[in-house]
Every structure is written in structure tokens, then in C-alpha cells.
Amino acid sequence: MADHDDIRARAEAEILAADSAAALKDIERAYLGKKGEVAGLLASIPSLPAEERPLVGKNANLLKQAIQAALDARGSELEASSLDAERGAGDFDPTLPPRPLDTGSLHPITQVTRELEDLFLSMGYTVLDGPEVERDFYNFEALNIPRDHPARDSQDTFYCDDSGDFSLRPHTSPVQVRAMERLEPPFRVIAPGRVFRHETTDASHEHTFHQMEGMVVGKDISVGHLIGAMKTLLRGIFHREVEVRLRPGHFPFVEPGFELDARCPFCSEGCSVCGRTTWIELLPCGLVHPNVLRMSGIDPEEWSGFAFGLGLSRLVMLRYNIDDVRHLLGGDLRFLEQF
Ligand code: DAH
């Protein structure tokens, strides 16, 4: 009996003094392990007088349970206090709001592109995509751009190989051709995307920039339809009525071709944005040249259309008053974080 009490008292004192899970494990092994003290008590039973055996056996089991309970209690205590330490010595306040996460934002070009896509989708247009590495046929040939046209010069276009067939598209107009091949008229499409030009960069020129091509093919499409669509576009961008004017412009794939100017949305007497003229050169456009329709298998006697090439990068610069196109793709976080 004295053995039991003595073992129990020693075990409990050691358990109380243990300061780690590892120390508790050692104590558990010393008392409850295969060669531990309790096992020793049980092993002595066969050598005891028969009438003492049941009582000693029973007490050994009670002792085992008592030590196990003390080990468990001290174990939970140690775990709780180490959690407290992790939480900063009890200063942890679970009701405080978390630190704000740093979230990103959409690039201004993406924002404006999505806005324009929504606007044109609401007018029944389809949004198309086209390859950035494009063939000569789509870039130039099918757009009525002659062999000796300066746009085909390697001064302007990045060619991908010596054959001269593949290049980084210098404009989004090739998607017009792909649209005519794929869709049955009547149709309306826009095609926003990246374009590439081999030119020296400065505040208003960048080798990579964004355009959005538009094309409508239908019955008896006129310059009136073109102006109407462009005015809707401007209302969508500037959220009010904007006066426009057309000047003649030349592009081989439209006839007649125009430069469309918009009344400066930022001033009435002239400002730095419009160069004191109150007009902003917004986009080139025109009625689709009959040759272009014909080359893509659309009968120009039956169908007509208009097309426009919106400079998305320029529009984003106008919208956010950005003075250097190189900011747009420069990847400088100080710039991007403003959007
Ligand atoms: N693709 C021409 C360019 O990048 C822009 C353009 C002009 C597109 C007239 C058109 C258009 O659709 O009708 O220089």
C-alpha cells in the first residue's frame, strides 16, 4: 500500500513541475511504460500471498488511472499556455478587424476596354478576338493595301521571319477580314486588342499599344449610320452629347475615308489637351471599300458597311489625363496603383 501512495505522490509532483510536452512523455514512460513503476508493481503480484493479490492488482489499476489523469490535465494546461504565448502574452483580441489586404486593380486599358465592350454589346455588336501574330493576307492584302504601301515597310511593321508572311499585327483591322470570312452579313463587330509598330518611342509613340476595330456590314449603310454610331460611342465614353466633325482621310480599305474629330470634352475655349483648337482628333473611319468586301466574298452590290479604328491607348490617355503613352505598359506600380 505504501508503495502505491509513494509512487502516486512522486508522479504527481513530477507532472506538476513538467514544463513541456516532451517532459510529460518522459514521466509517462517512467511510470506507465512497459518497464515503468506500475508495471513493476503488477509483475510482483505472482510472488505475493494469494489473498493479497486482488487488492494489489486493483490498486495498481487505480494508480495507473490517477497518473494518466494527471498527465492529461497538465498536458492541456501546457498547450493552452503556449497558445497564449503565441498570441502575444494574452494581448490577443479576437474581436479586432483584420489588417486590410492589398488588392490589385484592373489596368486602365482593361477598364476602358470592358466599358466599351459593354456599350457595343448593348448595341448588338459581337466582340471578336484575333491573332497578334498575323499573316500578310489579313494584315494588308485583303485590306486593299498595295505591295508598295509604307505600312508594309519593315520600318513600321515587326516581321517574324524572312518570308515576310508573318508579322506582329500593326493594327486591329485584320480582324475585319476574319469577321467577313466567318460571319454572314448583316453583322456588327468590334475587336479590341494589342498592336505593334516598329518605331522610335516617345511620349506619344509606343511599340506596343491598343486599338479597337469596329465594323458594321448591312444593307444601305451610309455615312449617317457611321456618325450615329460614333456619337453613341462618345456618349458612352464621356457620358454626354459630344459634337463631331468629319475631315477627309485616306486609308486603302475605306472609300470615302475620314478622320473623325470630337469637340474637346475638357474645355470650351481651347486647352492643352485639344491644342487650343477645341477639337480632338479621335479616330479614322470610313465606308468599307467595295474591293475589301469582294475579296472576302461579300457582294458589294448587295451589302455595304462602315469601319473605324479607335486608338484605345489614346482614349485612355484622354480619359485619365495621362501625358505619356509609355506609362501605360511601363509596369510602374506607382502609376498603376492610381487606378
Ligand atoms: N487600321 C488603321 C490604322 O491602324 C486605322 C483605321 C482607319 C481603321 C480607318 C479603320 C478605318 O477601320 O476605317 O492605322
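Residues are numbered from 1 along each chain as its sequence is written, and side-chain values use heavy atoms, with hydrogens and water left out. Because the model is predicted, local features need pLDDT of at least 70 and side-chain atom pairs count only at pLDDT 80 or more, while totals for chains, interfaces and linings use all residues.

Seven strands form an open sheet with mixed pairing, in the order β1-β4-β5-β9-β8-β7-β6. Strands (E, at least two residues) and helices (H or I, at least four) are DSSP runs, numbered from the N terminus. Two strands pair if DSSP finds at least two bridges between them. β1 (126–127) and β6 (244–248) stand at the edges with a single partner strand each, so one side of each has no neighbour in the sheet. β7 and β8 are antiparallel and share eight bridges. Gly 257 has Gly 286 of β8 as its bridge partner. Leu 260 is bridged to Leu 283, also in β8. β8 and β9 are antiparallel too, over three bridges. Here Cys 285 stands opposite Phe 308 of β9. Eight of the 10 residues of β8 are buried, so this strand is largely enclosed by the rest of the structure. Buried means under 20% relative accessible area, exposed over 50%, and partly exposed in between (1.4 Å probe, protein chains only).

The largest nonpolar core has 42 residues. Such a core is a set of buried Ala, Val, Leu, Ile, Met, Phe, Trp, Tyr and Cys residues joined through side-chain atoms within 4.5 Å. Leu 116, Leu 233, Leu 283, Phe 306, Phe 308 and Leu 310 touch the most other members. Two or more residues each come from α5 (108–122), β5 (208–218), α8 (223–238), β7 (254–263), β8 (279–288), β9 (304–311) and α10 (312–320). α8 gives the most, with seven residues. Leaving aside residues up to four places away in sequence, Leu 233 touches Leu 116, Leu 119, Phe 120, Leu 283 and Leu 310. Contact means heavy atoms within 4.5 Å. A second, separate core of 20 residues includes Phe 140, Val 254, Val 292 and Trp 303.

The ligand is surrounded by 15 residues, of which His 171, Ser 173, Arg 197, Gln 211 and Glu 213 are the closest. A side-chain N or O atom of His 171 lies 2.8 Å from a ligand nitrogen. The side chain of Gln 211 places an N or O atom 2.9 Å from a ligand oxygen. Ala 307 has a backbone N or O atom 3.3 Å from a ligand oxygen. The ligand taken alone exposes 350 Å², and the protein buries 91% of that. Accessible areas come from the Shrake-Rupley method with a 1.4 Å probe.

Val 112 lies in α5 and is buried, at 2% relative accessible area. Not counting residues up to four places away in sequence, Val 112 touches Leu 312, Leu 315, Val 316, Arg 319 and Tyr 320. The C-alpha atoms of Val 112 and Leu 312 are 8.0 Å apart, across 200 residues of chain.

In α7 (residues 174–182), Pro 174, Val 175, Gln 176, Val 177, Ala 179 and Met 180 are buried. Their cover includes β2 (133–135), α6 (136–139), β4 (187–196), β5, α9 (290–295) and β9. Ser 296 sits in the loop between α9 and β9. Ser 296 counts as buried, at 12% relative accessibility. Beyond residues up to four places away in sequence, Ser 296 touches Val 177 and Met 180.

Note on methods
Near = heavy atom within 4 Å. Polar contact = N/O pair within 3.5 Å; in protein donor to acceptor, adjacent residues only side chain to side chain.
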